[in-house]
Amino acid sequence: MSPTAYAGAPAPTGHRAPSTEADFTIAQDWASYTADEHDIWRTLFRRQEALLGGRAAPEFVAGIADLGVAADGIPDFRRLNEALGRATGWSIVAVPGLVPDAIFFGHLANRRFPSTCFIRRRDQLDYLQEPDVFHDIFGHVPMLMNPVFADYMQAYGQGGLKALGLGALHNLARLYWYTVEFGLIETPDGLRIYGSGIVSSKGESVYAIEDPRPNRLGFDLMRVMRTQYRIDDFQATYFVIRDFEELFAATRPDFTPYYAELRQLSDLAPETVLTTDRVLHRSGAG
Ligand code: PHE
Ligand code: FE
């Protein structure tokens, strides 16, 4: 690659520096964020805060409140870790970007959440195709304050290491996608969001709850692990849990026989609705 390929590109900041550690961690280097970077966080935070009333799950709202990350700027992970450690024994570790599957699962299995620390640019406020610190911290960490969800994430990490060995990662990855990233939950007041990919997105936090187009189907573990997903557009289908106990109970058994069964079943396209699906009405439609 010629050096001119980089002409005009911004210098890579310390927040994306490659790790020299075997577990891919880096230092967050909180002191080096610029005023502009903190301001981007504040803009994103205030926007989502205004949208999430009546849309986010009560567990998410409680997690934000108890974490004490406010609108004031990119949080210092050391401060978050005090509250998170007290609540559920989880901690956040900084990484430069996506890490290899085995590394990612190994962190989760040890109750460590790998978070990016760079923040998107101002022209990327509405959409970014990779996780940044706003998605990782605002989207994921509040739910890790919830004891049941915290245990689910650790079990997922252990299950991920197992799935890697069984060649079933494509099935297990769909479970993460349709719960941790894009999950909805039924509450007495209507559908609510707990998925990090939705709560950290301006457009999708409205679309997931109010738009008539997407399917909202009752959670079914095997159904979820058969269903392909979209990575470049709002989801065609959301799976809705009744509560986190349901999710935890469904995922507690050994998945080895499930993976064997899934090998005999065809994958389903994202927009598929089966006659056996429990189809839920959209919020407000009764
Ligand atoms: N019980 C699953 C297994 O045996 C692991 C798992 C737990 C996966 C929770 C996802 C969520 O593989
Ligand atoms: Fe995520």
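The protein exposes about 13400 Å², of which carbon and sulfur atoms supply 54%; accessible areas come from the Shrake-Rupley method with a 1.4 Å probe, and for residues only the protein chains shown count as cover. This is a predicted model, in which local features need pLDDT of at least 70 and side-chain atom pairs pLDDT 80 or more, while totals for chains, interfaces and linings use all residues. Residues are numbered from 1 along each chain as its sequence is written, chains are lettered from A and ligands numbered from 1 in the order written, and side-chain values use heavy atoms, without hydrogens and water.

Of the 286 residues, 51% count as buried, meaning under 20% relative accessible area with a 1.4 Å probe, protein chains only. The radius of gyration, taken over C-alpha atoms, is 19 Å, which agrees with the value near 19 Å for a compact globule of 286 residues; that rule is 2.2 Å times the number of residues to the power 0.38.

The protein has twelve helices and six strands. These are DSSP runs numbered from the N terminus: helices are H or I with at least four residues, strands E with at least two.

Which residues coordinate the iron ion (ligand 2)? They are His135 (NE2), His140 (NE2) and Glu181 (OE), at 1.9 to 2.1 Å. His135 lies in helix 5 (residues 133-144) and Glu181 in helix 7 (residues 169-181), 46 residues apart. Both His135 and Glu181 are buried. Donors here are N, O and S atoms within 2.8 Å of the metal (3.2 Å for Na, K and Ca); water is not among the atoms, so sites may look incomplete.

Notes: Buried means under 20% relative accessible area, exposed over 50%, partly exposed in between (1.4 Å probe, protein chains only).
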